[in-house]
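Here is a short tour of some backbone and surface features. Please keep the sequence and the 3D view open as you read.

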Amino acid sequence: MYLHIGNNYSVDLRDVVGIFDIENTTVEKCTKKLLERAEKEHKCVYTTYEMPKSFIVTVKNSKERVYISQLSAATLRKRLKEGGGF
């Protein structure tokens, strides 16, 4: 099953490690480091040019990817419960 994370982007649920609220998690130093490292290593995928509200961490074939989404973590959780958002 896939989760629609905004603007024609979807992720395979088998690859999702976590869905995080940007506002609440970026106050922690370790989260800031994670996002900075992902950006520096070109592992960030921006699904929008709007204000980001959440990020989704995925790992597939030992390759990490961080998706930055304009959708809130609560909206993404709701989509999960409803079958992926399609």
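The loop between helix 2 (29-40) and strand 4 (44-46) holds His 42. In this predicted model, His 42 has a positive phi of about 60°, although it is not a glycine. Most residues other than glycine have a negative phi. His 42 counts as exposed because its relative accessibility is 67%, and the cut-off for exposed is over 50%.

Ser 62 is another residue to look at: it sits in the loop between strand 5 and strand 6. Ser 62 is not a glycine, yet its phi is positive, at about 65°. With a relative accessible area of 75%, Ser 62 is exposed.

| Residue | Phi | Relative accessible area |
|---|---|---|
| His 42 | about 60° | 67% |
| Ser 62 | about 65° | 75% |

A positive phi also turns up at Asn 7, near 45°, in the hairpin of strand 1 and strand 2, which has two residues between the strands. Strand 1 (residues 2-6) pairs with strand 2 in the antiparallel sense, over four bridges. Gly 6 has Tyr 9, in strand 2, as its bridge partner.

Strand 6 gives the most, with four residues. By class, the lining has seven charged, four nonpolar and two polar residues.

Methods. Residues are numbered from 1 along each chain as its sequence is written. This is a predicted model: local features need pLDDT of at least 70, side-chain atom pairs count only at pLDDT 80 or more; totals for chains, interfaces and linings use all residues. Side-chain values use heavy atoms; hydrogens and water are left out. Ala, Val, Leu, Ile, Met, Phe, Trp, Tyr, Cys and Pro count as nonpolar, Asp, Glu, Lys and Arg as charged, and the others, Gly among them, as polar. Two strands pair if DSSP finds at least two bridges between them. Buried means under 20% relative accessible area, exposed over 50%, partly exposed in between (1.4 Å probe, protein chains only).
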